[in-house]
Amino acid sequence: MKKWLISLLMVGLVVLGACGSEEAGSADESLKIGTLNFIDHESLTAAEEGFYQALEDNGYVEGEKLEIESVSAQGSQDNLNPMAEQLASGNDLILSLGTAPTQALANVEQEKPILFTAVTDPVDSGLVESQEAPGGNITGTSDYMPIDKQIDLLLSLDDQAEAVGVIYNSSEPNSSVQAKEAVQLIEEAGLEPVVTTVTSTNDVQQNLTSIINDIDLLYVPTDNTIAGTMPTVKDITVENQIPSVLGAPEMVEAGGLATYSVDYHSLGYQAGELAVDILNGEAEPATTPYENAEELVLVVNEEVAEALDIDPESIQIPE
């Protein structure tokens, strides 16, 4: 009888221990965040790093309270939808880098919070109802550029210029919005825009070479495809002595001449702060206004400037 009671007591202790272990596991369960990227390049990497830095600064540390699943479509539109479905099914919140990934996520997930960054026009892209009241499960930070300032900067590099080249991927919504505004501003300044569009990185060298003898300056918006081929852009523009202004600082660092643009790490950090408020239950995407960039920076590639026989210190934002 005594042995039976001891055995029963031991079984009870094992069961209680197992229950306690299960409860502790659920209490310690990590938050899961997925990241969807269209293509790998420095600007989007900086934005992603800024986002997770904001989370870490607020106690959401990877490996402790946070698990991260980051995937890239490697520039293929066909990869976006299955990747969006994968992230939506296995994560609590999703970070989206750029317009196309955010649209893919919006098509498959209407409840879990989606935080975007590096989206130029969230309203026209159909992602939110308005800036002040997004209305759904999506909000974030826009990288809408001061295109007018960028074109002013470009034209200040050659006051005798007559034609300005514009190259971009026409299938990237961010790029198209910026390029169209740039073309309008070039025309309003009395210069001729010479436009060429690409569909992949394979087109960049041929298309840029095809217009290089017809232009005096080159404008490149924030474009994921062009960003991946900046060494080629650098070689062609330097060889032909064509000054360039680009959409993103990282594109300048990779071979462009100059930009006045968004700081992408800071832009991602802003999106991360919005995510923290949502995760802490202090905000909801539907009523959290998306934000524009708080920091703009002038970036000049001194090596390229010298190769073009331009004094780097002479490059300034026109008044």
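Predicted model: local features only at pLDDT ≥ 70, side-chain atom pairs only at ≥ 80, totals over all residues.
Just after helix H6, Gly 190 adopts a positive phi of about 85°.

Helix H6 covers residues 173-188, and its length can be checked: at 1.5 Å a residue, its 16 residues should span 22 Å, and the end C-alpha atoms lie 23 Å apart, which agrees. Which residues of H6 are buried? They are Asn 174, Ser 175, Ser 176, Gln 178, Ala 179, Ala 182, Val 183 and Ile 186. An α-helix has 3.6 residues a turn, so residues three or four places apart point the same way. The cover over the buried residues of H6 includes helices H4 (99-108) and H5 (147-156), along with strands S4 (114-119), S6 (163-169), S7 (192-198) and S8 (217-220).

Let us turn to the sheet. It is open, with 6 strands in the order S2-S1-S3-S4-S5-S11 and parallel pairing. At its edges are S2 (66-72) and S11 (291-292), each pairing on one side only. Helix H3 (residues 77-90) packs on this sheet, where it touches S1 (31-37), S2 and S3 (93-97), and its direction makes about 170° with that of S1. Strand S5 (residues 138-142) runs parallel to S11 and is joined to it by 2 bridges; Thr 141 has Glu 291 of S11 as its bridge partner.

Finally, the rings. The whole structure holds 2 aromatic pairs. One of them, Phe 51 with Tyr 52, is edge-to-face, at 5.1 Å centre to centre and 85° between the planes; both residues are buried. Elsewhere, Lys 65 lies over the face of Tyr 60, 4.8 Å from the ring centre.

How values were computed. Residues numbered from 1 in each chain as written. Heavy atoms only, no water. Helix = DSSP H or I, 4+ residues; strand = E, 2+ residues; numbered from the N terminus. Expected span 1.5 Å × (residues − 1). Buried < 20%, exposed > 50% of the residue type's maximum accessible area, 1.4 Å probe, protein only. Contact = heavy atoms within 4.5 Å. Pairing = 2+ DSSP bridges. Axes fitted to C-alpha atoms, helices over the stretch in contact; angles between N-to-C directions. Phe/Tyr/Trp six-rings, centres within 6.5 Å; stacked < 30°, edge-to-face > 60°. Lys NZ or Arg CZ within 6 Å of the ring centre and 35° of its normal.
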